[in-house]
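Subject: Structure handover

Hello,

Here is the structure I said I would pass on. My notes on it follow below the view.

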Amino acid sequence: MNIRPVAFDHPDAIKLNDRVQLEYAERYEDEGDVTPLAASMFKPPYGLYLIAYDDAGTPLATGGWRVMDENGEGYADGDAEIKRMYVTPEARGLGLARRILACLEDDAREAGRARMVLETGTKQPEAISLYTSSGYEPCTLFGHYRFSPLSRCYAKPLR
């Protein structure tokens with residue numbers, strides 16, 4: 001597997017984002033994640049977006065982080081937020097999500113961020129398992145879905 005940085009608006013990123021949005025819509029019976037995101041949010045040193053490719057060049061997994069500081073939505077100064085972690089069904093079980101997560105944490109740490117945060121939902125037990133087994137602990141709800149009863153937020157110190 002080859003994990004490499006790409007722009008959030010790269011065609012492969014758009015394709016994988018469309019797939020994860022369909023999965024969110026199916027699991028939650030809604031329109032998917034409507035958190036406002038822009039490609040500029042994932043440009044170094046203020047973020048990073050990664051895609052894992054197989055040897056044939058097929059995009060299989062994705063994930064990114066973006067700078068978030070105190071803004072009235074529950075974030076704290078120094079936060080880095082994980083967004084769009086996704087592994088295609090055919091590539092699940094290969095450890096790609098864990099590898100991407102570790103790369104994102106390392107990059108955010110090198111960028112001087114103090115804490116990695118993420119929001120997921122109760123209908124994503126695989127994600128919750130990944131994050132808790134990677135050292136993330138429940139934290140105060142934040143972000144776009146902070147008032148949803150299905151929302152779960154986690155944090156991990158980077159320093």
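A polar contact here is a pair of N or O atoms within 3.5 Å, where one must be able to donate a hydrogen and the other to accept it. By that rule, the side chains of Glu-81 and Arg-66 are joined by a polar contact of 2.8 Å. Please keep in mind that this is a predicted model. I start with the chain as a whole and then come back to Glu-81.

Overall layout

The protein chain has 3 helices and 7 strands. Their order along the sequence is β-α-β-β-β-α-β-α-β-β. Along the principal axes, the C-alpha atoms fill a box of roughly 45 × 35 × 30 Å. The radius of gyration is 15 Å, which agrees with the value near 15 Å for a compact globule of 159 residues. Of those 159 residues, 46% are buried. Among contacts with a separation of 6 or more, 65% are between residues 24 or more positions apart.

Nonpolar cores

The largest nonpolar core has 26 residues, and the members that touch the most others are Ile-82, Met-85, Leu-104, Met-116 and Tyr-131. At least two residues of this core come from each of strand S2 (47-53), strand S3 (59-68), strand S4 (79-87), helix H2 (96-110), strand S5 (115-121) and helix H3 (125-133). H2 gives the most, with 6 residues. Apart from this core lies another one, of 11 residues, among them Phe-8, Ala-13, Tyr-24 and Phe-42.

Met-85 shows how many parts of the sequence meet at one side chain. Leaving out residues up to four places away in sequence, Met-85 touches Val-20, Tyr-24, Thr-62, Gly-63, Ala-97, Ile-100, Leu-101, Leu-104, Leu-130 and Tyr-131.

Helix H1

Helix H1 covers residues 11-28, which is 18 residues. From its first C-alpha to its last, H1 reaches 26 Å, close to the 26 Å expected at 1.5 Å a residue. The buried residues of H1 are Asp-12, Ala-13, Leu-16, Asn-17, Val-20, Gln-21, Glu-23, Tyr-24, Ala-25 and Tyr-28. An α-helix has 3.6 residues a turn, so residues three or four places apart point the same way. The cover over the buried residues of H1 includes S2, S3, S4 and S5.

H1 is followed by Glu-29. Glu-29 has a positive phi of about 55 degrees although it is not a glycine. Glu-29 is in the loop between H1 and S2, and it counts as exposed because its relative accessibility is 70%. The loop between H1 and S2 also holds Pro-45. Pro-44 and Pro-45 are joined by a cis peptide bond, with omega about 5 degrees.

Glu-81 is in strand S4, and it counts as buried because its relative accessibility is 2%. Not counting residues up to four places away in sequence, Glu-81 touches Gly-64, Trp-65, Arg-66, Met-68, Tyr-75, Met-116, Val-117 and Phe-142. Gly-64 is 17 residues from Glu-81 along the chain, and their C-alpha atoms are separated by 8.1 Å.

Lys-83 is also in strand S4. At 6% relative accessibility, Lys-83 counts as buried. With residues up to four places away set aside, Lys-83 touches Asp-33, Thr-35, Leu-37, Phe-42, Gly-63, Gly-64 and Arg-66.

Arg-84 is another residue of strand S4. Is Arg-84 buried or exposed? Arg-84 counts as buried, because its relative accessibility is 5%. Its phi is near 60 degrees, a positive value in a residue other than glycine.

Thr-88 is in the loop between S4 and H2. At 0% relative accessibility, Thr-88 counts as buried. Leaving aside neighbours within four places in sequence, Thr-88 is in contact with Leu-16, Arg-19, Pro-59 and Leu-60.

Regards

How values were computed. Residues are numbered from 1 along each chain as its sequence is written. This is a predicted model: local features need pLDDT of at least 70, side-chain atom pairs count only at pLDDT 80 or more; totals for chains, interfaces and linings use all residues. Side-chain values use heavy atoms; hydrogens and water are left out. A nonpolar core is a set of buried Ala, Val, Leu, Ile, Met, Phe, Trp, Tyr and Cys residues joined through side-chain atoms within 4.5 Å. Buried means under 20% relative accessible area, exposed over 50%, partly exposed in between (1.4 Å probe, protein chains only). Helices (H or I, at least four residues) and strands (E, at least two) are DSSP runs, numbered from the N terminus. Contact means heavy atoms within 4.5 Å. The expected span of a helix is 1.5 Å times one less than its number of residues. The radius of gyration is taken over C-alpha atoms; the globule rule is 2.2 Å times the number of residues to the power 0.38.
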